[in-house]
Amino acid sequence: MDDSRAPHPPPVPEIDTTVSHSARIWDYWLGGKENYAVDRELGDQIAAVLPDIVEQARADRLFLGRAVRFLAGEAGVRQFLDIGTGLPTADNTHEVAQRVAPDARVVYVDNDPLVLAHARALLTSTPEGATDYLDADLREAETVLRGARATLDLTEPVAITMLGVLWHITDDAEALDIVRRLMAGTAPGSYLAIAHPTIEITGERMAAAIREWNRFGKPPGIHRTPRQIENLFRGLELVEPGVVSCTRWRPEATPFGEPEEMDQFCGVARKPAGS
């Protein structure tokens, strides 16, 4: 990619290293290095309550890869809007998409100062494709869509990914409204992918982990039932296998049977014609 044409992120606001933050804790669980002592401390506290939280984080990341490969491959999508990007790590959305379709165009959206500081790592691209980064809040759906239009053609199908971000929208009506407003700005044939914590598998242990998060971390979050997650796809057509544990969404074939379920559930759905 020609650096002279690369977008230039705005100046980075001061990062508060005294308060833990979801993007940095997630980075810690994924084995990254862009986190602080306060993030590692809370990450370890949550892991003490729920030992498989690290595996949940990794399962969520593996779902991202499978979903993007499906979208860029079988579904033929060439445009991606990744909302709640998190910190750069292995197999970011543009890397996965452009391995399948080198002309894929990807816009990342986040409003965490540390993510903004590392935005350049997300702006690499194949010569045929493109990447961009928006410093924006998902609650401002129209602002997100307006910024995305600089790189994406929203009159053509786009895949919106919202992995591990809607649990921070603690009001169900607000979460559904955000999804509706975003999808209203996309063309028929567009897709939505969501990953979200539940307490279906580990019950009180996962609930206790979320309470621990909310005591010390920010922004706060909630769990939702699979039915509530499915409701976020209202008006869209869920692709098989529907809303399931991230480990069970089109897993890679192995000789060892189905993978164990985890309390990160997910789904992918298509916007039908005429909507």
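The model is a predicted one, so local features need pLDDT of at least 70 and side-chain atom pairs count only at pLDDT 80 or more, while totals for chains, interfaces and linings use all residues. Residues are numbered from 1 along each chain as its sequence is written, and side-chain values use heavy atoms, with hydrogens and water left out.

Helix H3 covers residues 53-72; helices (H or I, at least four residues) and strands (E, at least two) are DSSP runs, numbered from the N terminus. With 20 residues at 1.5 Å each, H3 should span 28 Å, and its end C-alpha atoms sit 29 Å apart, which agrees. The expected span here is 1.5 Å times one less than the number of residues. Of the 20 residues in H3, 15 are buried, so the rest of the structure largely encloses this helix. Buried means under 20% relative accessible area, exposed over 50%, and partly exposed in between (1.4 Å probe, protein chains only).

Cys 266 belongs to strand S8, residues 264-270, and counts as buried at 0% relative accessibility. Setting aside neighbours within four places in sequence, the contacts of Cys 266 include Phe 63, Ile 194, Val 244 and Trp 249, a contact being heavy atoms within 4.5 Å. Trp 249 is 17 residues away from Cys 266 along the chain, with 7.5 Å between the two C-alpha atoms.

On to the pockets. The search runs on a 1 Å grid over the protein atoms alone: a pocket is an open set of points with protein on both sides within 12 Å along at least five of seven lines, and lining residues have an atom within 4 Å of a point. Grid points are joined across faces, edges and corners, and a volume is the space filled by probe spheres set on the points. The lining of the largest pocket takes in 47 residues, with Ser 22, Gly 84, Gly 164, Val 165 and His 168 nearest its centre. Helix H1 gives the most to this lining, five residues; H3 and strand S1 (79-83) are among the other elements that each supply at least two. By type, the lining of the largest pocket splits into 25 nonpolar, 13 polar and nine charged residues. Here Ala, Val, Leu, Ile, Met, Phe, Trp, Tyr, Cys and Pro count as nonpolar, Asp, Glu, Lys and Arg as charged, and the others, Gly among them, as polar. The second largest pocket comes in at about 230 Å³. Its lining has 13 residues, and Arg 66, Thr 247, Pro 251, Glu 252 and Pro 259 lie nearest the centre.

As for charge pairs, the whole structure has 14 salt bridges, each a side-chain nitrogen of Lys or Arg within 4 Å of a carboxyl oxygen of Asp or Glu. One of them joins Asp 39 and Arg 24, at 2.7 Å from N to O. Asp 39 lies in helix H2 (residues 37-49) and Arg 24 in helix H1, so the pair ties together parts 15 residues apart in sequence. Both partners are buried, Asp 39 at 0% and Arg 24 at 3%. Another salt bridge pairs Arg 78 with Asp 103, the closest N and O atoms being 3.4 Å apart. Arg 78 is partly exposed at 31%, and Asp 103 is also partly exposed, at 39%.

Terms used:
1 Å grid on protein atoms, 1.4 Å probe; cavity = no way out; pocket = protein on both sides within 12 Å on 5 of 7 lines; lining within 4 Å.
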